[in-house]
Amino acid sequence: AFGSFEAFDQWLSTVQSDDTEFPWESGNKALSDYTWEEFEAMSAEEQIRFQNSFSTVEEFENWLFANIPE
């Protein structure tokens, strides 16, 4: 129903009005420093917020392919 990923992402940002700050948002740890195991240990909400913290889908995919176990 969304015209583009960007439109979906904008909608998602508006419905995620939770003010919870995650470690990667406060600068405690860079996104690129997270491991696949840490990602898997996150809740579904945290995983979505983590994915949305990357500037582009491609950046997240690059992180994903570099970290997912073979």
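These questions and answers look at aromatic rings in a predicted model.

Colleague: How many aromatic pairs does the structure hold?
Modeller: A pair of aromatic rings is described by the distance of the centres and the angle of the planes. Rings pair if their centres lie within 6.5 Å. The number of aromatic pairs in the structure is 15.

Colleague: Is the pair of Phe54 and Phe60 stacked or edge-to-face?
Modeller: The ring centres of Phe54 and Phe60 are 5.6 Å apart. Their planes stand at 65°. Planes over 60 degrees apart count as edge-to-face, so the pair of Phe54 and Phe60 is edge-to-face.

Colleague: Which kind of pair do Phe60 and Trp63 form?
Modeller: The centres of Phe60 and Trp63 lie 5.9 Å apart. Their planes meet at 25°. Under 30 degrees counts as stacked, so Phe60 and Trp63 are stacked.

Colleague: Where do Phe60 and Trp63 lie?
Modeller: The two are 3 residues apart, about one turn of the helix. Both belong to residues 57–67, which form helix H4.

Colleague: Is Trp63 buried or exposed?
Modeller: Buried means under 20% relative accessible area. Trp63 has 5%. Therefore Trp63 is buried.

Colleague: Which residue lies over the face of Tyr34?
Modeller: Tyr34 belongs to a cluster linked by ring pairs, whose members include Phe22, Trp24 and Trp36. At 4.7 Å from the ring centre of Tyr34, over its face, lies Lys29.

Technical notes:
Residues are numbered from 1 along each chain as its sequence is written. This is a predicted model: local features need pLDDT of at least 70, side-chain atom pairs count only at pLDDT 80 or more; totals for chains, interfaces and linings use all residues. Side-chain values use heavy atoms; hydrogens and water are left out. Rings of Phe, Tyr and Trp (its six-membered ring) pair if their centres lie within 6.5 Å; planes under 30 degrees apart count as stacked, over 60 as edge-to-face and the rest as tilted. Helices (H or I, at least four residues) and strands (E, at least two) are DSSP runs, numbered from the N terminus. Buried means under 20% relative accessible area, exposed over 50%, partly exposed in between (1.4 Å probe, protein chains only). A charge sits over a ring if NZ of Lys or CZ of Arg is within 6 Å of the ring centre and within 35 degrees of the ring normal.
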